[in-house]
Number of protein chains: 2
Amino acid sequence: MEIAKLGEFGLINHLTKDIKPENETTKYGIGDDCAVLNYGDKETLVTSDMLMEGVHFDRTYIDMQHLGYKAAMVNISDIFAMNGTPKQMIVNIALSKSFTVEDIEMFYAGLRMACEKWKVDIVGGDTTSSYTGMAISITCIGEGEKDNIVYRNGAKDTDLICVSGDLGAAYMGLQLLEREKSVYYQQVDEARKRNDRKALEELSHFQPEFAGKEYLLQRQLKPEARGDILDKLKAFNIRPTAMIDISDGLSSEIMHICKQSECGCRIYEKNLPIDYQTAVMAEEMNMNVTTCAMNGGEDYELLFTVPIGDYAKIEDMEDVRIIGHITKKELGMMLITRDNSEFELKAQGWNPLA
Amino acid sequence: MEIAKLGEFGLINHLTKDIKPENETTKYGIGDDCAVLNYGDKETLVTSDMLMEGVHFDRTYIDMQHLGYKAAMVNISDIFAMNGTPKQMIVNIALSKSFTVEDIEMFYAGLRMACEKWKVDIVGGDTTSSYTGMAISITCIGEGEKDNIVYRNGAKDTDLICVSGDLGAAYMGLQLLEREKSVYYQQVDEARKRNDRKALEELSHFQPEFAGKEYLLQRQLKPEARGDILDKLKAFNIRPTAMIDISDGLSSEIMHICKQSECGCRIYEKNLPIDYQTAVMAEEMNMNVTTCAMNGGEDYELLFTVPIGDYAKIEDMEDVRIIGHITKKELGMMLITRDNSEFELKAQGWNPLA
């Protein structure tokens with residue numbers, strides 16, 4: 001269905017009519033100039049992200065439902081990174097005329113799947129048109145206990161540096177998608193040059209080679225915000241001293257923590273958690289797997305520091321790895337390789353403005 | 001300066017380094033995964049808008065500073081429309097590579113001018129790139145007293161319908177800008193056809209005809225959110241029963257109030273507040289001035305209903321006009337013309353998806 005047929009209010013109504021607020025803090029959701037939230041003695045957290053077609057996502061790789069899921073998760077992840085609980089979401093999207101109502105429905109289906117997973121209410125947003133491509137801007141609001149919000153600036157000398165899950169897989173997933181896309185276009189080009197109609201016909205059923213690499217795709221297309229790690233930390237009675245989520249790559253994120261906490265760090269290459277598929281793919285692509293883990297980005301894992309006194313507890317925690325420790329500022333931000341060489345960390349994280 | 005030179009964090013730092021939070025409710029602003037707000041026993045309001053180049057604004061008409069000012073005011077206006085006080089703002093922008101750092105600085109200068117006017121703290125946001133044109137997404141957060149938030153759904157039969165300021169001028173301002181642009185291009189076209197180099201040289205200093213129409217331009221390029229009206233209502237001890245701000249046009253907005261309040265209305269053409277310049281411009285353009293006032297949009301005036309008992313107080317209020325009254329639902333939503341004909345209202349407001 002053409003979007004213009006429904007009109008703005010028709011479309012919003014169509015997309016949101018069965019969204020029912022579930023949080024006590026959501027007093028009024030969609031349908032007025034503002035949503036109304038009500039936080040008693042909790043602190044309110046707000047985060048926002050903008051995703052532009054062609055810059056942040058490529059619709060030849062990601063379908064609308066995964067895109068919605070990912071867009072929501074990325075913001076939910078930022079609330080978790082403050083040790084908060086996500087509660088409400090505002091969704092602004094702009095679409096060119098080539099999008100159908102069904103496309104946006106799929107996008108919303110993905111959004112809602114992510115929101116339902118973490119009990120987040122969609123309370124409003126703007127749906128409008130764009131001359132070119134799709135733009136997504138999401139704001140997520142959450143709450144935190146006054147004394148339990150974790151900033152980036154609380155890391156102290158001797159604190160342990162920990163990371164959840166594994167690193168570099170989302171980046172390898174993107175490499176995989178790009179490789180298969182270029183294989184496809186190369187074959188199409190060659191068939192065209194040979195004027196080979198049969199080959200061109202067969203290419204319309206082109207199947208990319210993803211076998212054995214499903215985890216990489218899942219990490220790229222369906223990232224999960226790590227609220228479960230916060231629950232574990234709470235259960236172990238551990239309060240991180242600093243925390244951030246890994247969107248631009250481990251290097252970039254640990255540098256944020258060190259700069260804001262005015263300290264240095266030592267990260268040990270041998271301790272970096274890397275999945276088998278990530279290692280295999282890096283090998284295939286002739287890439288250094290440590291570089292992928294350090295600078296890949298889009299992992300949406302939690303990077304946090306805990307007091308050295310929590311060593312025994314954190315060592316036993318499933319799906320969390322101690323990868324280094326905080327040092328005095330003058331010792332710099334260092335990566336210690338397997339052969340005990342020291343390299344200064346550089347943020348080679350993805351630069352959306354480059 | 002090229003934006004890529006600064007990089008994302010450099011740019012954000014450059015733009016926000018001297019932004020100091022002034023609101024007590026702003027616990028932590030820019031620099032972490034989230035801003036941290038703290039609302040005690042007040043209610044929290046959140047609103048968000050997305051503005052796309054080519055759809056919502058044309059940079060041949062509006063400079064970056066006015067664009068920033070307007071983008072902020074539009075969101076501030078939505079908080080006022082709930083009888084709330086704007087407190088924080090989150091600003092997401094995406095820009096193509098043709099923009100310079102100076103462009104964004106001007107945009108921020110406009111944003112900050114609007115925010116300073118209403119003591120709003122800029123607490124975060126995303127700055128990223130776009131393949132084509134500029135996208136702006138702003139979220140404004142505010143607070144309201146629990147019992148004083150005004151929704152769209154509280155209008156009752158016999159309530160008076162009031163509007164602040166005047167209507168249709170912002171729309172006429174846009175018509176004026178479009179007319180002068182087409183005059184310019186027409187003259188360039190003709191000079192090119194004649195191969196008249198002298199005329200083309202003179203056209204590079206083309207001066208649009210804005211004399212005597214400054215108010216229309218101001219209304220289009222520098223709209224003002226009407227927080228002052230809320231102060232007046234408070235001073236007169238009037239609590240609106242329903243309220244909305246006029247972004248899409250009076251017709252569209254009163255219909256929102258009527259639908260959500262399950263009532264009808266009668267709007268009197270003779271009571272519509274219209275500025276002299278609006279009337280002159282409509283005459284020049286051969287347009288019906290009432291249509292402009294009813295459907296023009298972008299006025300950002302407040303449309304609200306008050307109990308009939310407040311008649312004497314509201315009648316005396318400067319810059320507020322009683323334009324009609326609420327009726328039972330079955331009487332419909334009607335415009336009463338000067339010759340006492342009745343027409344059913346239609347929302348011909350601007351459709352960003354058409």
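## Two domains

The domain bounds used here come from an automatic or database domain assignment. On that basis, chain A of this predicted model splits into domain 1, covering 3-144, and domain 2, made up of 160-173 + 217-344. The C-alpha centres of domain 1 of chain A and domain 2 of chain A are 28 Å apart.

## Where the domains meet

Let's turn to the interface itself. On the domain 1 side of chain A, 17 residues are in contact with domain 2 of chain A, which contributes 16 residues of its own. Between them, the two domains of chain A bury about 1,500 Å², and 61% of that area is on carbon and sulfur atoms. Of the area that domain 1 of chain A buries against domain 2 of chain A, 33% is supplied by A:Lys70, A:Phe80 and A:Ala81, more than by any other three residues.

## Polar and charged links

How many salt bridges does the rule find across the interface of domain 1 and domain 2 of chain A? There are two. Elsewhere in the list of pairings, a salt bridge joins the side chains of A:Lys70 and A:Glu298, with an N to O distance of 2.8 Å. Five residue pairs across the interface of the two domains of chain A are in polar contact, with both residues at pLDDT 80 or more.

## What domain 1 brings

Helix α2 (residues 64-80) of chain A gives nine residues to the side of domain 1 that touches domain 2, the largest share. Sorted by class, that side of domain 1 of chain A holds 10 nonpolar, four polar and three charged residues.

Conventions
Residues are numbered from 1 along each chain as its sequence is written. Chains are lettered from A and ligands numbered from 1 in the order in which they are written. This is a predicted model: local features need pLDDT of at least 70, side-chain atom pairs count only at pLDDT 80 or more; totals for chains, interfaces and linings use all residues. Side-chain values use heavy atoms; hydrogens and water are left out. Contact means heavy atoms within 4.5 Å. Buried area is the accessible area (1.4 Å probe) that two parts lose on being put together, summed over both. A salt bridge is a side-chain nitrogen of Lys or Arg within 4 Å of a carboxyl oxygen of Asp or Glu. A polar contact is a pair of N or O atoms within 3.5 Å; within protein, one must be able to donate a hydrogen and the other to accept it, and residues adjacent in sequence count only if both atoms are side-chain atoms. Helices (H or I, at least four residues) and strands (E, at least two) are DSSP runs, numbered from the N terminus. Ala, Val, Leu, Ile, Met, Phe, Trp, Tyr, Cys and Pro count as nonpolar, Asp, Glu, Lys and Arg as charged, and the others, Gly among them, as polar.
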